Amino acid sequence: ACIRVATILSSTILKDKSIKKFVDSVQDTVCALHHVLIPLYQLSVSNDLPDTLPNATEIATLTNDISALCELYFSQSRPSREEVTPQTLTYLLLKALALETGKNGGGEIKRVYNFREALTLMDLQDDSSLSLKSLLLACMIRPHFLQKEDGRKCLAFLFTLSPPFIDNLHEKIQGQLPLAKKSIREAY
């Protein structure tokens with residue numbers, strides 16, 4: 001309940017221009033919420049939640065709200081906005097990649113695309129970025145990224161990040177082409 005209240009209050013403060021005097025005080029709260037984003041997401045997709053925790057749907061809603069808060073904080077160019085990027089990016093990519101074939105999913109992909117600037121703050125050559133790179137490479141072969149305009153724009157943006165990563169992107173696409181349906185080949 002405390003996490004939900006902190007999320008709602010922080011979002012309200014960032015959105016409501018009439019209470020500007022509190023904006024600077026939410027930085028620590030937003031950063032703290034960012035740090036629990038992935039652990040909460042992992043709980044929301046877990047099949048064995050303890051009875052003492054809220055149900056998976058409530059946790060999923062909370063993680064989505066925390067991510068939206070971090071996205072808002074980042075989009076407003078707040079101080080230390082780079083501190084809310086790693087788990088937010090991971091969460092958005094996991095959500096977009098978890099979409100089932102045939103589902104719309106345009107909202108999740110659009111959120112990834114809208115948060116793409118955060119990728120420029122990540123050092124994709126550092127070993128700490130291996131899981132992020134893996135998620136980004138997985139996006140390259142997901143049909144729903146290729147089918148949605150925002151998905152294609154997002155994938156194109158990945159080619160601007162770093163020359164060594166571009167080689168990884170090319171390898172991933174080349175590995176996909178021989179087995180891909182005609183519509184997927186055309187999308188590439």
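Mentor: Begin with contacts: a contact means heavy atoms within 4.5 Å. In this chain, residues 24 or more positions apart account for 65% of the contacts with a separation of 6 or more. The model is predicted, so local features need pLDDT of at least 70 and side-chain atom pairs count only at pLDDT 80 or more, while totals for chains, interfaces and linings use all residues. Residues are numbered from 1 along each chain as its sequence is written, and side-chain values use heavy atoms, with hydrogens and water left out.

Trainee: How many helices and strands does the chain have?

Mentor: Both are DSSP runs numbered from the N terminus: helices are H or I with at least four residues, strands are E with at least two. Here there are 11 helices and 0 strands. The radius of gyration, taken over C-alpha atoms, is compared with a globule rule of 2.2 Å times the number of residues to the power 0.38. For this chain the radius is 18 Å, close to the 16 Å that the rule gives for 188 residues, so the chain is as compact as a globular protein of that length. Its C-alpha trace spans about 55 × 40 × 30 Å along the principal axes.

Trainee: What part of the chain is made up of buried residues?

Mentor: Buried means under 20% relative accessible area, exposed over 50%, and partly exposed in between, with a 1.4 Å probe and protein chains only. Buried residues make up 39% of the 188 residues.

Trainee: Is helix 5 mostly covered or mostly open?

Mentor: Helix 5 is mostly covered, with 9 of its 12 residues buried. Among them are Gln87, Tyr91 and Leu97. Their cover includes helix 2 (27-35), helix 4 (56-75) and helix 7 (130-140).

Trainee: What span should helix 5 have?

Mentor: The expected span of a helix is 1.5 Å times one less than its number of residues. For the 12 residues of helix 5 (residues 86-97) this gives 16 Å, and the end C-alpha atoms are 16 Å apart, which agrees.

Trainee: Which residue is 8.7 Å from Glu82, C-alpha to C-alpha?

Mentor: Met122, which is 40 residues from Glu82 in sequence. Glu82 also lies in the loop between helix 4 and helix 5 and is partly exposed at 43%.
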